[in-house]
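Here is a short briefing to read beside the structure. Keep the sequence at hand while going through the points.

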Amino acid sequence: SAPPTRPPALRVVILRGGQTGCQPTGGCNNANYSAVLSAKEGWATTVLAQGGTGYVNGSNANPPRDFGSRLPDVYNAAPGLVIVEGSVSDQYSSGAAVEQAAVTLFTSLKAHLPNAKVVVVGPAWAGTAPANIVAVESAVKSAATGRVAQFIDPIAEGWFGGANASLMAADHQSPTNQGHALIASRIASDLTVLGLQATSSSPAT
């Protein structure tokens, strides 16, 4: 008899800024966390990434490049999972402005993609995060609470604390290739609570 038809892979959109993109320190092509994570999970992933992008940062550019400006591209991909990752670039904006912009973004995602799960990953920082990064972390967490399926907090979880600080460049915010591998591993681990880590095309074990 014919083998069973495999269901399509989970469609995923990763909406992120440039800090976790291809940098001189790492994260290019297949070494980027989004590629590592997608390969690990068997996802069909669309990556929407642009330098200088955040919840607020980039909104005054012409054309705008904040996360909200990318929403039509997110909707067009018809994803079952949306991962919003970043916000380090918002460190020069007020916490209140970041929270307001994040609330608007998350509310719009839920309205347009009611069946998709939205996972938000806060800013990542090597070592002890300065006050302006902590303010962004708090603002995004507050906006995400009750509005998205899951908020992942790299700072609170200590992803780049201790010896792992060396997996970021000297700027504390640009991951090396090993840092990207860590990000992929930690996101995958945290996603297990949603039951999404196993692609729909893989048999249960």
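Which residues in α3 meet which residues in α4? On the α3 side they are G95, V98, E99, A102, V103 and F106, and on the α4 side A135, V136, A139, V140, S142, A143 and A144. By class, this contact has 10 nonpolar, two polar and one charged residues. The model is predicted.

**Helix pair α3 and α4**

- Two packed helices are described by the angle between their axes and the distance between the axes.
- For α3 (residues 95-112) and α4 (residues 131-144), the angle is about 30 degrees and the axes are 8 Å apart.
- Their crossing is right-handed.
- F106 is one of the α3 residues that meet α4.
- Leaving out residues up to four places away in sequence, F106 touches V140, A143 and A144, and also Y55, V120, R147 and V148.

**The sheet**

- Strands of a sheet pair through backbone hydrogen bonds, either parallel or antiparallel.
- Here five strands make an open sheet, ordered β2-β1-β3-β4-β5, and the pairing is parallel.
- From one strand to the next, the twist averages 15 degrees.
- β1 and β2 run parallel and are joined by seven bridges.
- Within this pair, L15 has L48 of β2 as its bridge partner, and V12 stands opposite T45 in β2.
- β3 and β4 also pair in the parallel sense, over five bridges.
- L81 stands opposite K117 in β4.

**Cover on the strands**

- Six of the seven residues of β1 are buried, and this strand is mostly covered.
- Four of the five residues of β4 are buried, so β4 is largely enclosed by the rest of the structure.
- Helix α1 lies across β1, β2 and β3, and runs at about 165 degrees to β1.
- Helix α4 packs on the sheet as well, where it touches β4 and β5.
- The direction of α4 makes about 165 degrees with that of β5.

**Nonpolar cores**

- In soluble globular proteins, nonpolar side chains tend to be buried together.
- The largest nonpolar core of this model has 27 residues.
- Which residues have the most contacts inside that core? They are Y55, V74, V84, L105, F106, L109 and V120.
- At least two residues of this core come from each of β1 (11-17), α2 (71-76), β3 (81-85), α3, β4 (117-121) and α4.
- A second, separate core has 23 residues, including V12, Y33, A124 and A184.

**Selected buried residues**

- L48 and V13 are 35 residues apart in sequence, and 7.2 Å apart from C-alpha to C-alpha.
- S38 lies in helix α1 (residues 33-41).
- Is S38 buried or exposed? Its relative accessibility is 10%, so S38 counts as buried.
- E137 sits in helix α4 and is buried, with a relative accessible area of 9%.
- E137 and V121 are 16 residues apart along the chain, with their C-alpha atoms separated by 9.4 Å.
- H180 belongs to helix α6 (residues 177-191).
- At 0% relative accessibility, H180 counts as buried.

Terms used. Residues numbered from 1 in each chain as written. Predicted model: local features only at pLDDT ≥ 70, side-chain atom pairs only at ≥ 80, totals over all residues. Heavy atoms only, no water. Axes fitted to C-alpha atoms, helices over the stretch in contact; angles between N-to-C directions. Left-handed = near helix turned anticlockwise from the far one by under 90°. Contact = heavy atoms within 4.5 Å. Nonpolar A, V, L, I, M, F, W, Y, C, P; charged D, E, K, R; others polar. Core = buried A, V, L, I, M, F, W, Y, C linked by side-chain atoms within 4.5 Å. Buried < 20%, exposed > 50% of the residue type's maximum accessible area, 1.4 Å probe, protein only. Pairing = 2+ DSSP bridges.
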